[in-house]
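Keep the picture open beside you and look up each residue as it comes along.

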Amino acid sequence: MSQLPILPISSIGSLPKPPDLFQAEMAPLEQQDRAWMRQAQETAVADWLATQESLGIDVLVDGEQYRRSITTYFLEGWGCADIDPDAVWVLDNMYGQRAVIKRPATESRTLLLDWYQFAAARAQSELKVTVTGPYTLRDWVFDLHYPDRAAAVLAMAEYVREEVQALVAAGVRYLQIDEPAFVTRYDQPAELDVAIEGMRRICAGLPEHVTIFTHMCYGAFHEVYPKMLELPAQVFCLELAHVAPEMLDILRQHPFPADRGMGYGVVDAQDPRVESVEEIEARIRLALEYFAPEQLWINPDCGLQVVPRESAVAKLENLVAATHRVRQSLA
Amino acid sequence: MLVTTSGRFPIVSNGQHPLRAAVEEWRARVTPTPEAAWQDTELRAVQAETQAELLAAQSEAGADILDTGYVPVYDEWFQMARAAPDLEVAAPLRYLDTNTYYHHWVLDKVPKRNGESPIVSAYRHAASLTDVPLKPTLFGPYTIYAYADRQGPGDTPEAFAALVDMWAADVAALAAAGAKYVQIEESVVLRPKHRADFPLVAQAVERIASAAPDTTVVVHLACGEIGDLLLPFLEIPGLGGLGLDFTDAYRAPNLAALKQWRGDTFLQAGIADARSIRVETEADLHETLNAISANVPAERCWAAPSTTLLHLPRHAAFEKLAKLASAAHSFNGKRTLP
Ligand SMILES: [Zn+2]
């Protein structure tokens, strides 16, 4: 972390896909032209790495150009789930295909290794690898195999741990474990404990030079704070562009610990409207009222995959400009 | 024991459904807005056909009190907003922990009703298609209020009372159209930070029930523990039925709470887990029904899914409903044997 500037800027995870790739991946796996897909995915990853570097992002992501969704990519890839053909309603006229866990993993748990190596060979800047956390891998899908939710989460934790071990052995220094589902059952303390135990098993014994991030979104974070600090992450990347007053209240009551980092979300990841540099700067300055400059990271609220590409690029551009302004005033 | 459903159903099968296709086709030819969807006669015709299909599917699965089968083009929170057209409906918000998203209201003024919501005409259409009793489901005024972006005059007791009046008027219209049952969805009040708002829900239910005195008004509370709110709910004047969740983490605490059950309110017992794809066995369902009937007479109890089956793939939703119906009907049989 020493070579990074103050207020380091990172991306969160997903970035918009080229339309032809997005269309192609909607087809069932067995109907996809795998060679064409791989080529298109590699081109898209390389393009996003170059774009982020040119924008001045300090820690890059590969944009998850090869993942259909944050759950099915892993569960299908590990061989433990099938996709239910009857898509489930999400909102408006949008329906999502859900994975159904049916068996223990049958394929190796090193899906991310060659994508990391592909990115590392192309990026000059630091890379952050994102992996879906075990609690979300269970909560957002259906399960016909494990006896209960906890058993499924802990089984998924073992598979994620194997992915992470392979990545760390290959040189990964920034690792983000996404747990957007962590905030959803906040009224059930036992659920939060299972999610925490899952992440502990993944992180146990990792070398000190590896920085663990976690990311949560869609959240009533104030419902799970300060409990969320039991997650063994060094940096918490949260959706805070429209921070709830309740969250600021609770941060005043329980100040964020000085030895943890906050990846403060400063641009909306759902709304295509591009925030101005001034708007984003004001959000960063609000963050500085609650966090010391040395513990703050600046990032979008979430992966930017649902906004159009031009909008994602413009948001990142303004995010970088706003961060530079604040850095100058801190210097 | 009667079997009822709880709100809307999934439609897509193998990626397809005529309504899904019709909405996509409509979106390509117009500027899609909720009002434009409502005005579009082609879309409304496909929605009406979908109602017929879903009514038949529920009956075939063995349900005794059916949902109207209405599937909105956007989501249910828009439906009531159509009754107050000067209100803005804003971005989608995640609803509870269900991974589904509903568009929240901007309440910046005291809302004013300007005609009935599409729920009423959907009920009339369903009632013209079947003689089986129907139970239209409405998200309740408290849920809309709790999720709303409330500002100024929209964040006042007058605004809430006006919302409740809108619901009461729609429920009165449903009753006038022949509805014997109406379900009001207010699960959010069981969430820790909303429980203190129970008096608002009580005020709403009493007012709505008084607008339709011959209709059984069921308040449905999924995904939560009833706990110390059970008796206050049972004491709401006019409450006809209470829906509770007896699945997953809520099974044990809600079974324990039933020891306090009193009066002749119907219990809509959510015993089939509407958020798990695993279809319960008849033995599982009978075990829960036995535990319930220790405190609530079987004839005052309806078997139901724990919440809307919308969260499941379509095949699983109807398999679950069929298993629920056969378990509840055979439980009935068992209880009446000498
Ligand atoms: Zn996110």
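Where is the place of B:Asn14? Look in the loop between strand E1 (2-3) and helix H1 (18-29) of chain B. Helices (H or I, at least four residues) and strands (E, at least two) are DSSP runs, numbered from the N terminus.

## Before we dig in

This is a predicted model, where local features need pLDDT of at least 70, side-chain atom pairs count only at pLDDT 80 or more, and totals for chains, interfaces and linings use all residues. Residues are numbered from 1 along each chain as its sequence is written, chains are lettered from A and ligands numbered from 1 in the order in which they are written, and side-chain values use heavy atoms, with hydrogens and water left out.

With a relative accessibility of 56%, B:Asn14 counts as exposed (exposed is over 50% relative accessible area, buried is under 20%, and partly exposed is in between, using a 1.4 Å probe and protein chains only).

B:Asp248 isn't a glycine either, and its phi is positive at about 55 degrees. You'll find B:Asp248 in the loop between strand E8 (239-245) and helix H10 (251-257) of chain B. At 40% relative accessibility, B:Asp248 is partly exposed. Over in chain A, the peptide bond from A:Tyr225 to A:Pro226 is cis, with omega near 10 degrees. A:Pro226 sits in the loop between E9 and strand E10 (235-238) of chain A.

## The zinc site

Which residues hold the zinc ion? They are A:His215 (through NE2), A:Cys217 (SG) and A:Cys302 (SG), at 2.1 to 2.3 Å. Donors here are N, O and S atoms within 2.8 Å of the metal (3.2 Å for Na, K and Ca), and water is not among the atoms, so sites may look incomplete.

Written along the sequence, the donor spacing is H-x1-C-x84-C. A:His215 belongs to strand E9 (residues 211-216) of chain A, while A:Cys302 is in the loop between strand E12 (296-299) and helix H10 (309-330) of chain A, so this pair ties together parts that are 87 residues apart in sequence. Both A:His215 and A:Cys302 are buried.

## Packed insides

The largest nonpolar core has 116 residues, and B:Trp105, B:Phe233, B:Leu242, B:Leu267 and B:Ile292 touch the most other members. A nonpolar core is a set of buried Ala, Val, Leu, Ile, Met, Phe, Trp, Tyr and Cys residues joined through side-chain atoms within 4.5 Å. Apart from it lies another core, of 104 residues, including A:Ile57 and A:Leu127.

Zoom in on B:Ile292, in helix H11 of chain B. Is B:Ile292 buried or exposed? Its relative accessibility is 1%, so B:Ile292 counts as buried. Beyond its neighbours within four places in sequence, B:Ile292 is in contact (heavy atoms within 4.5 Å) with several residues, among them B:Phe246, B:Leu267 and B:Cys301. Its C-alpha atom is 8.2 Å from that of B:Ala269, 23 residues away along the chain. Now try B:Ala294, in the loop between H11 and strand E10 (301-305) of chain B: this one is exposed, with a relative accessible area of 62%.

## Empty spaces

Rolling a probe the size of a water molecule over the atoms shows where empty space is left. On a 1 Å grid over the protein atoms alone, a cavity is a set of points where a 1.4 Å probe fits but cannot get out, a pocket is an open set with protein on both sides within 12 Å along at least five of seven lines, and lining residues have an atom within 4 Å of a point. Grid points are joined across faces, edges and corners, and a volume is the space filled by probe spheres set on the points.

The whole structure has three cavities of 30 Å³ or more. The largest has a volume of about 290 Å³, and of the 27 residues lining it, the closest to its centre are B:Gly7, B:Arg8, B:Glu76, B:Thr137 and B:Phe139. E4(B) gives the most to that lining, with three residues. The second largest cavity has a volume of about 60 Å³, and its lining includes A:Trp115 and A:Leu127.
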